[in-house]
Amino acid sequence: MDVKQESKIHFWPIMIAIFFGNFVSVLSTTTINIAVPLLMNHFHSSLNTMQWMVTGFMLATGVTAPLAGYLGGRFSYKRLYLFALMGFTMFSLLCAIAWNPTSLIVFRMLQGSCSGLIMACTMTIIFQVIPVERRPFAVSLWSLSAMVAPAIGPTFSGWLLQYASWHWLFLINIPIGIIAVILTVTLIPYYRMNVPKSFDIPGFLTVVLGSLSLLTAFSQGNSWGWSSWKTLSLILVGIVLLVFFVLHELKAEVPLLNLRVFRNRRFTAMLSIYSLVTIAMYAGTYLTPLFLQTVEGATTLKTGLILLPSSILLALLSPIVGKMYPKFGPVKLISAGILFIFIGLFMMSRLHTNVSYSFIMWAMVVRNLGIGLANVPSSTASMEEIPVEWSGHATSINNWVRNVLSSLGIAVFTSILSTRSILHSKELISSGAGNADSIRLLSFTMGVNDVFVVGSIIVLFGLPLMFLLRKKRSGISVQSAG
């Protein structure tokens, strides 16, 4: 297929196939958050252990994302997308039959490795196949597929956990995955662009080992001690490996990731903003279900219903913002989005025991209004000046950075929650405030509030980055090397 023959592109068949694949990938992430407390009880495991079910998935997603650029060029993005969908479906089955926390975490990481390829492939197919004038709307549909899953995921998983076992959180992916495979085979055209000459083994090893070192250090820093030799050694190793990775990629004839895309200021600024929004977003996505079930005693179904209005709003906003993008541009939409995210997270930092469900619901609505305004514009604007032949590398970098930072964000948030909860507990005990149970719930709540304060501060760093954006001009792009 010649991707330049835009008149022959069948927009809706391609987007339907992309929608289902991206949907099932994100669905598996959103449904599992509500199940964390239940799985802790089922496997008699701690929060630090079950956290790896979430962070391990995200890490694997970020680690395999750099491979998408090479593998998509080598085998075509359609075939890679198809392979990832089949792998995702298979590992969903293995997650459902996991027999202990270790097996579940391993299968979740393998599932996440396929998810990383799915997200990178679907976005790349949009920017390589869909005509330029229809890309903002296509990106909004891509985002919608990622937003519909959170919209129905918490409520659906809450209902499922209320009346069935946790195994069905993974089994439900199988029929959806099969449908996505069939649609991909029949609706997405086969095409290839640049075929890489070789595989960058040093680049792959350094990016994987560097990412793993940093995540392990941040995940275990609280239990090991932040000044312990293990924590400091892993942080140092991670930084050194990633620095070597960057230097190697800039010199490699056939890099695993073409980091020259960072020369484009628009791409760099948008990726930074998108990453900050994603990190801040996970503060609410990860901690709100935990607070509702641990402190408020809400059932999984009740938790899902509380989160439903904000999730529906997020889903509805995606196509609307996609239509608004050509008129308002990224700066106005993203700036408004960041402010709403800040307000929503700051509202969530005012939690207390016996807080009303309606307060949490409205705080999440405000937060998700901001995410909806910032998400599509940052994704679209980051790719506007990238040449089509480099789009695979750009989307791979986008997914790698965003997912690794998300994994680190969850690990850091969990560590802050644990550290601050212990500190608050000691303060409450010394002041003689209540019995052991009330102190436990109150200190946990205060720790959650501290995390939301950190998240609200993080997202504000996106506002100064707006000054790095220049007005989009025709013909501006990253120049191809060689």
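This is a predicted model: local features need pLDDT of at least 70, side-chain atom pairs count only at pLDDT 80 or more; totals for chains, interfaces and linings use all residues.
Local features need pLDDT of at least 70 and side-chain atom pairs count only at pLDDT 80 or more, while totals for chains, interfaces and linings use all residues. Residues are numbered from 1 along each chain as its sequence is written, and side-chain values use heavy atoms, with hydrogens and water left out.

Let's start with the pair. Helix α12 (residues 300–348) packs against helix α15 (residues 436–460) at an angle of about 170°, and their axes are 8 Å apart. Helices here are DSSP runs of H or I with at least four residues, numbered from the N terminus. Axes are lines fitted to C-alpha atoms over the stretch in contact, with angles from 0 to 180 degrees between N-to-C directions. That angle makes α12 roughly antiparallel to α15 (over 145 degrees). On the α12 side, the contact (heavy atoms within 4.5 Å) is made by I338, I341, F342, L345, F346 and M348, and on the α15 side by N449, F452, G455, S456, V459 and L460.

Now for L38, which sits in helix α2 (residues 36–42). L38 is partly exposed, at a relative accessible area of 28%; the class lies between buried, under 20%, and exposed, over 50%, using a 1.4 Å probe and protein chains only. Leaving aside residues up to four places away in sequence, L38 touches L161 and W166. The C-alpha atoms of L38 and Q293 are separated by 9.4 Å, though the two residues are 255 residues apart along the chain.

Last stop: helix α8 (residues 173–187). The buried residues in α8 include N173, I176, G177 and A180.

Notes
Helices (H or I, at least four residues) and strands (E, at least two) are DSSP runs, numbered from the N terminus. Angles under 35 degrees count as roughly parallel, over 145 as roughly antiparallel, 65 to 115 as roughly perpendicular and the rest as oblique.
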